[in-house]
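Hello,

Here is the structure I said I would pass on. My notes on it follow below.

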Amino acid sequence: FGGWGAYEAPTGPWQDEAHGLAGTGGVAPTLFGLGSLEPASVMKLQLAGAVPGSQTNLVIGLSHLGAPFHGGVMVPKPDVVLFGLPVNAAGKLNLSGALPGGLPSSLPLHFQFWTADVGGPAGFSASNGLVGLTP
C-alpha cells in the first residue's frame, strides 16, 4: 500500500459497519473505502480524525467479529494486522493497493483502524468498521 492525494467521496461496494471509538477530541476516526473491488483493481482506504502524528494499526478480516476490545468493538476478525502505519499531522492516512486477481465473487473484506490514544476509554481509539464486497 502507498499514499495518494486528496480525499475522495466513497464509491463502489462499501458499507459502514459503525462501532467507531472516540479518543482525543471526543470524535471517532472515520474510515472510507473506494474502488470497485474487482479482481486486480486498485482499492483505496482513507482514514481521517486519528491522533495527529501517531501510528495506527489496520485490522483486516474476511469475516465480521463484533467483539468487545479496549472499550470498543473489534469489527473484523483479525486475520491480518498491519502495525505502525503513519498518521500525518492532520490526522489522516491514505492507503492504496492492487487486489489480487482471481478473488471469488461476494468475498467480504472487513477493515478497521485501531490507534493508541490517551483520550480513549482504555487508551485506544478506533475507526468505524468498513466492509467491501467483491462483485
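Ala-67 has Met-74 of strand 6 opposite it. These residues belong to strand 5 (residues 64-69) and strand 6 (residues 72-76), which pair in the antiparallel sense over 4 bridges. Strands here are DSSP runs of E, at least two residues long, numbered from the N terminus, and two strands pair if DSSP finds at least two bridges between them. Strand 5 and strand 6 make a hairpin with 2 residues between them, and His-70 in the turn has a positive phi of about 45 degrees.

Before the rest, a note on the source. This is a predicted model, in which local features need pLDDT of at least 70 and side-chain atom pairs count only at pLDDT 80 or more, while totals for chains, interfaces and linings use all residues. Residues are numbered from 1 along each chain as its sequence is written, and side-chain values use heavy atoms, with hydrogens and water left out.

Strand 2 and strand 3 are joined by 5 bridges, and Gly-33 has Leu-45 in strand 3 as its bridge partner.

Then the cores. A nonpolar core is a set of buried Ala, Val, Leu, Ile, Met, Phe, Trp, Tyr and Cys residues joined through side-chain atoms within 4.5 Å. Buried means under 20% relative accessible area, exposed over 50%, and partly exposed in between (1.4 Å probe, protein chains only). The largest core has 19 residues, of which Trp-14, Met-43, Leu-45, Leu-58, Leu-95, Phe-111 and Phe-113 touch the most other members. At least two residues of this core come from each of strand 3 (42-48), strand 4 (55-61), strand 8 (93-98) and strand 9 (108-116). Another core lies apart from it and has 5 residues, including Leu-21 and Met-74.

Last, the aromatic rings. Rings of Phe, Tyr and Trp (its six-membered ring) pair if their centres lie within 6.5 Å; planes under 30 degrees apart count as stacked, over 60 as edge-to-face and the rest as tilted. This rule gives 3 aromatic pairs. The ring centres of Trp-14 and Phe-111 are 6.1 Å apart with planes at 45 degrees, so this pair is tilted. Trp-14 is buried at 15% relative accessibility, and Phe-111 is buried at 3%. Trp-114 and Phe-124 form an edge-to-face pair, 6.4 Å centre to centre and 65 degrees between the planes. Ring pairs also link Phe-69, Trp-114 and Phe-124 into a cluster.

Regards
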